[in-house]
Amino acid sequence: MTLESLRNDIDSLDDQLLALLNQRMELVRKVGELKRSTNAVIYRPEREKQIIDRLYNQNNGLMNRSAIEAIFLEIFAVSRNLELPERIAFLGPEGSFTHQAAESRFGAMSAYMALPTIRSVFESVETGRVRFGVIPIENNQEGIVEEAIDLLLEKDLSIAAEIKIPVHFTFATQCENLNDITHIYSKDIAFRQCSKFLSDSFEGLQAELVPVESTSRAAKMAAQDPYSAAICSHIAAKLFDVPILFDNIEDSDLNRTRFLILAKDFKNQPSGSDKTSLIAKLVNTESPGVLAKFLQEFDAKNINLTKIESRPLRDGATFRYWFLIECEGHSDDPGLQEIMSRHASEVKLLGSYVRVS
């Protein structure tokens with residue numbers, strides 16, 4: 001067996017893959033026609049999970065689940081664009097980690113709109129200028145994004161899906177020698193999260209750390225200054241065509257950010273592995289035991305609570321709070337239905353969606 005024969009075999013398989021993908025897209029086109037005739041939703045995260053689960057369970061080759069997921073999520077994204085092209089807003093700028101999260105679910109072919117604030121993403125979805133919005137909701141090192149939490153109460157939108165991505169920083173520069181670098185651009189939080197790399201690599205050197213408003217802006221500036229560098233996302237370095245000298249320079253490889261995909265009037269069907277987000281505005285929270293009794297109802301129904309966040313109600317001069325509550329399960333589950341029905345005037349359902357581990 002020669003290298004030439006192996007390459008010929010690969011070419012033959014690629015030809016078969018292309019033919020099969022075109023067959024799949026033809027079926028997708030027909031599905032899109034049926035969905036448009038009934039005004040059905042194109043993006044179905046629970047259906048995509050079922051497909052990936054099925055493929056992984058029958059897999060007996062070299063690809064692990066992450067590889068299968070990466071390939072098929074891109075296929076799903078291309079398929080959705082054939083069914084019905086969607087516009088997606090995200091917290092900008094282009095090249096941000098939120099941009100990366102959006103592309104991980106909607107693919108490189110979708111139409112994206114980078115917006116300057118989380119509020120503007122909510123409002124774009126609310127007014128119908130875009131079909132979906134992607135926002136950060138929490139980081140496992142830095143905590144929740146308070147503005148995003150507050151807007152979930154203020155706006156009448158649904159959570160269609162969650163995304164969790166590892167936060168990996170790259171060191172991008174046009175310089176080949178670290179001694180030539182005079183300025184390093186990045187966001188202040190990125191400097192903190194890459195402090196060990198900076199101290200190890202630049203001890204005794206004269207490079208100045210220059211904070212900027214975003215890691216994407218840092219990449220753009222590094223593209224314009226040949227004696228500078230940027231600590232940024234991989235997508236930002238690629239977007240502004242800045243060579244990556246070092247990858248994964250963050251101090252901790254456990255850094256994760258969670259994002260939400262927002263939509264208007266969106267409901268997922270149960271997938272068998274779901275999470276539900278609720279807002280609870282309980283009355284008489286000044287009285288002892290009101291919150292405790294409410295939470296005990298979940299325990300009584302064997303529903304696992306995964307998050308409780310309190311936020312100020314901002315109702316007069318009182319110190320009152322509302323709560324973001326997340327739990328395992330789907331809102332169609334009998335136990336959760338019973339709790340929401342009992343507290344119908346106090347609970348707002350944000351959405352049930354596929355739980356990402």
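## Loops with positive phi

Asp241 is located in the loop that links α10 to β10 (244-246). The model is a predicted one. In it, phi of Asp241 is near 60°, a positive value in a residue other than glycine. Asp241 has a relative accessible area of 67% and is therefore classed as exposed, the cut-off being over 50%.

Although Asn248 is not a glycine, its phi is positive, at about 55°. With a relative accessible area of 44%, Asn248 is partly exposed.

## Overall architecture

The chain contains 12 helices and 15 strands. Its C-alpha atoms fill a box of roughly 65 × 55 × 40 Å along the principal axes. Of the 357 residues in the chain, 45% are buried. Among contacts in the chain with a separation of 6 or more, 77% are between residues 24 or more positions apart.

Pro93 belongs to the loop between β1 (87-91) and α4. The peptide bond leading from Gly92 to Pro93 is cis, and its omega is near 10°.

Helix α4 (97-106) is largely enclosed by the rest of the structure, because 7 of its 10 residues are buried. These buried residues are Phe97, Thr98, His99, Ala101, Ala102, Arg105 and Phe106.

## Strand β9 and helix α9

Strand β9 (228-232) is mostly covered, with 5 of its 5 residues buried. Ser228, Ala230 and Cys232 point one way from β9, whereas Ala229 and Ile231 point the other way. Two pairings of β9 may be described in turn. The pairing of β9 with β6 (170-173) is antiparallel and comprises 4 bridges. With β7 (183-186), strand β9 pairs in the parallel sense over 3 bridges. Ala230 in β9 has Ala172 opposite it, and Tyr185 also stands opposite Ala230.

In helix α9 (residues 215-224), the residues Thr215, Ser216, Ala218, Ala219, Met221 and Ala222 are buried. The elements covering them include α4, β6, β7, α7 (188-193), β9 and α10 (234-239).

## The open four-stranded sheet

Four strands make up an open, antiparallel sheet in the order β13-β14-β12-β15. Its edges are β13 (305-312) and β15 (347-354), each of which pairs on one side only. On average, neighbouring strands of this sheet are turned by 15° against each other, direction ignored.

Strands β13 and β14 (residues 321-328) are joined in the antiparallel sense by 7 bridges. Within this pairing, Ile308 has Ile325 of β14 as its bridge partner. Two helices pack against these strands. Helix α11 (residues 290-300) lies across β12 (274-280), β13, β14 and β15, and runs at about 15° to β14. Helix α12 (residues 334-342) also packs on the sheet, where it touches β12, β14 and β15; its direction makes about 10° with that of β12.

## The largest pocket

The largest pocket holds about 1200 Å³ of space. Its lining consists of 37 residues, of which Glu69, Leu73, Ser104, Arg105 and Ile165 lie nearest the centre. Arg105 is also one of the buried residues of α4.

Several secondary-structure elements contribute to the lining of this pocket. At least two residues each come from α2 (45-58), α3 (65-83), α4, β5 (158-166) and α10.

## Cysteines

How many disulfides does a search of the whole structure find? The search finds 0. Cys232 is in no disulfide, and the nearest cysteine sulfur, that of Cys194, is 10.0 Å away. A disulfide would require the two sulfur atoms to be within 2.5 Å.

Cys232 is buried, with a relative accessible area of 0%. Cys232 is also among the residues of β9 that point one way from that strand, together with Ser228 and Ala230. Cys327 is likewise buried, and its relative accessible area is 0%.

Technical notes. Residues numbered from 1 in each chain as written. Predicted model: local features only at pLDDT ≥ 70, side-chain atom pairs only at ≥ 80, totals over all residues. Heavy atoms only, no water. Pairing = 2+ DSSP bridges. Axes fitted to C-alpha atoms, helices over the stretch in contact; angles between N-to-C directions. Contact = heavy atoms within 4.5 Å. Buried < 20%, exposed > 50% of the residue type's maximum accessible area, 1.4 Å probe, protein only. 1 Å grid on protein atoms, 1.4 Å probe; cavity = no way out; pocket = protein on both sides within 12 Å on 5 of 7 lines; lining within 4 Å. Points joined across faces, edges and corners; volume = space filled by probe spheres on them.
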